Amino acid sequence: MGNALRFLYSHCCKPTAAGDSESLGPHGVSSATVGVSTLAHDLFHFDITSQVPEGLSKHVVSSKKAQANWYRKLVDAWKEAKPPPKTPEEAARLVIQTLRRHQKADVEGLLAFYGLPLPHTLVQGTTQPLSSLPDGVQFEMHTLPVDAKAVADGDTITVYVSTTDPRESAFVPGNVHAAAVRRSEARARRNFTEADALHKQIIDSGYRVIPVQNEEILAKKYRIRLRGIDAPESAMPYGKEAKTELTKIVQGKPLRILVYEEDRYGRSIGDIYCNGIFVQEMMLKKGLAWHYVAYDKRPELETWEKQARAKRVGLWASKNPEKPWEWRKDGREAA
């Protein structure tokens, strides 16, 4: 597990200055950044091996048998949490609540081991909501920078989310985790044939190792369908323009995506934000998408479409542009 953690966290666990080492917990991670992810990975590792982290005994008073009991409870609690903890404060509350019947010294030692806030620092925040996401949102994701080739058309893109993300970190399949570590080791030996074969295994499992700022990051793949809009298909008039515009907006940038549901094609339906810009709004205002009113009744989407119609921009320059859902229906009936 140590090698896997080094592979996954090396880009965010190194102190940036001499003084930074003082903010690191005994587990060697920053309490402000990756303590949550490291706890999630250790729980994932325990779920597979039943082994608690090395060095934990130096910070708690109970035996390894007792420690294993804690981790079993924490694994269950983490899996049941919806959404899983994302901040050090949320993770600390989960630990405190789950282990509330155990010794104070053990609970505080475990929190300190991961650099998480101690109980007395959370008193003022216990009544605060864990999430302020809009109603209906299942979860929030923050992606790696988007590649231009990942844009399929004007309303569908493929994105990748780092497995260091707290939501992702606890659920990386064991075979993917192992393949990622072995691939890193193969590349270190300059055995690129073996590394490429291992990367294919990772890709076939819905993940990919992506280079970001001279580091390699294991990431989960998601296909995203922009919620509430329907852009012209590639073969339709303005289909290419819609794809080009969406590419221009997201290329090379990390995205914030609020996911509401999954469609029958396995795509996540979500609202996409890029540098604070609501992407669906941009596509509608430029006249490169329709308001998909059959599936989304938000009045602001209707307003933005009407503004583009009035200005006759994009597809509204045509007198009677064909609706993409009708174009698809006609295609199915003709097949």
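Tutor: The account below begins with the model as a whole, turns to the nonpolar cores, and then takes up a helix pair and some individual residues.

The model is predicted, so local features need pLDDT of at least 70 and side-chain atom pairs count only at pLDDT 80 or more, while totals for chains, interfaces and linings use all residues. Residues are numbered from 1 along each chain as its sequence is written, and side-chain values use heavy atoms, with hydrogens and water left out.

The secondary structure amounts to 12 helices and 10 strands; helices (H or I, at least four residues) and strands (E, at least two) are DSSP runs numbered from the N terminus. Of the 335 residues, 46% are buried, where buried means under 20% relative accessible area, exposed over 50%, and partly exposed in between (1.4 Å probe, protein chains only). Among contacts (heavy atoms within 4.5 Å) between residues at least 6 apart in sequence, 67% join residues at least 24 apart.

A nonpolar core is a set of buried Ala, Val, Leu, Ile, Met, Phe, Trp, Tyr and Cys residues joined through side-chain atoms within 4.5 Å. The largest such core has 30 residues, of which Met141, Val159, Leu255 and Met283 touch the most other members. At least two residues of this core come from each of β1 (139–142), β3 (156–162), β5 (215–226), α9 (239–250), β7 (256–262), β8 (268–274), α10 (279–285) and α11 (299–311). Helix α9 gives the most, with four residues. When residues up to four places away in sequence are not counted, Met141 touches Val159, Val161, Tyr222, Ile224, Leu255, Arg256, Ile257 and Val259. A second, separate core of 28 residues includes Leu39, Phe46, Trp78 and Leu94.

The loop between α2 (35–49) and α3 (64–80) holds His59, which counts as partly exposed because its relative accessibility is 31%. The C-alpha atoms of His59 and Val107 are 9.8 Å apart, although 48 residues separate the two along the chain.

A helix pair comes next. The axes of α7 (residues 174–188) and α8 (residues 192–204) come within 8 Å and cross at roughly 160 degrees; axes are lines fitted to C-alpha atoms, for helices over the stretch in contact, and angles run from 0 to 180 degrees between N-to-C directions. The two helices are therefore roughly antiparallel, the term for angles over 145 degrees. On the α7 side, Val176, Ala179, Ala180, Arg182, Arg183, Ala186 and Arg187 meet Phe192, Glu194, Ala195, Leu198, His199, Gln201 and Ile202 of α8.

Tyr238, not a glycine, has a positive phi of about 70 degrees and is found in the loop between β6 (229–230) and α9. Its relative accessibility is 26%, so Tyr238 counts as partly exposed. Arg312, likewise not a glycine, has a positive phi of about 55 degrees and lies in the loop between α11 and α12 (324–334). At 46% relative accessibility, Arg312 counts as partly exposed.

Definitions and conventions
Angles under 35 degrees count as roughly parallel, over 145 as roughly antiparallel, 65 to 115 as roughly perpendicular and the rest as oblique.
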